[in-house]
Amino acid sequence: MAAGISRDIEIVRGAINHRWTTSPVEGQINSLKTLKRQMYGRAGYAPLRSRVLMTA
């Protein structure tokens, strides 16, 4: 494992030094997954699609 990190040291440094976050997207992903779980086993793809489009 340490050999892999030392091989990719520039990537590791970049990940530590740059400010980058996926926080704004995580909320959207979470709500989409919640909708999928609520609609699981229901009438099929069409109702799920319409619910997702209504919330977007």
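## Helices and fold

Helix 3 (residues 23-39) has 17 residues and reaches 25 Å from its first C-alpha to its last, close to the 24 Å expected at 1.5 Å a residue, where the expected span is 1.5 Å times one less than the number of residues in the helix. This is a predicted model, in which local features need pLDDT of at least 70 and side-chain atom pairs count only at pLDDT 80 or more, while totals for chains, interfaces and linings use all residues. Residues are numbered from 1 along each chain as its sequence is written, and side-chain values use heavy atoms, with hydrogens and water left out.

The secondary structure comes to four helices and zero strands, with helices (H or I, at least four residues) and strands (E, at least two) taken as DSSP runs numbered from the N terminus. Along the sequence, the pattern is therefore written α-α-α-α.

## Overall extent

The radius of gyration of the protein is 19 Å, whereas a compact globule of 56 residues would have one near 10 Å; the value is taken over C-alpha atoms, and the globule rule is 2.2 Å times the number of residues to the power 0.38. Along its principal axes, the C-alpha trace spans about 50 × 25 × 15 Å. Buried residues make up 5% of the 56 residues, where buried means under 20% relative accessible area, exposed over 50%, and partly exposed in between (1.4 Å probe, protein chains only). The protein exposes about 5300 Å², of which carbon and sulfur atoms supply 59%; accessible areas come from the Shrake-Rupley method with a 1.4 Å probe, and for residues only the protein chains shown count as cover.

## Salt bridge and nonpolar patch

The structure holds one salt bridge, defined as a side-chain nitrogen of Lys or Arg within 4 Å of a carboxyl oxygen of Asp or Glu. The side chains of Glu 10 and Arg 13 meet in it at 3.2 Å, N to O. Both residues lie in helix 2 (residues 9-17), three residues apart, about one turn of the helix. An α-helix has 3.6 residues a turn, so residues three or four places apart point the same way.

A nonpolar surface patch of about 330 Å² is made by Ile 5, Ile 9, Val 12 and Ile 16. Patches are made of residues with over 30% relative accessible area and no salt bridge, with like charges joined within 9 Å and nonpolar side chains (Val, Leu, Ile, Met, Phe, Trp, Tyr) within 5 Å. Helix 2 gives the largest share of this patch, three residues, while Ile 5 has its place in helix 1 (residues 2-7).

## After helix 3

Helix 3 is followed by Gly 41, whose phi is positive, near 85°. Arg 42 is found in the loop between helix 3 and helix 4 (45-55), and Ala 43 is found in the loop between these helices too. Arg 42 and Glu 10 are 32 residues apart in sequence and 48 Å apart in space, C-alpha to C-alpha. The C-alpha atoms of Ala 43 and Ser 6, 37 residues apart along the chain, are separated by 51 Å.

The relative accessible areas of several residues named above are collected here.

| Residue | Relative accessible area | Class |
|---|---|---|
| Ile 5 | 40% | partly exposed |
| Glu 10 | 57% | exposed |
| Arg 13 | 45% | partly exposed |
| Arg 42 | 56% | exposed |
| Ala 43 | 74% | exposed |
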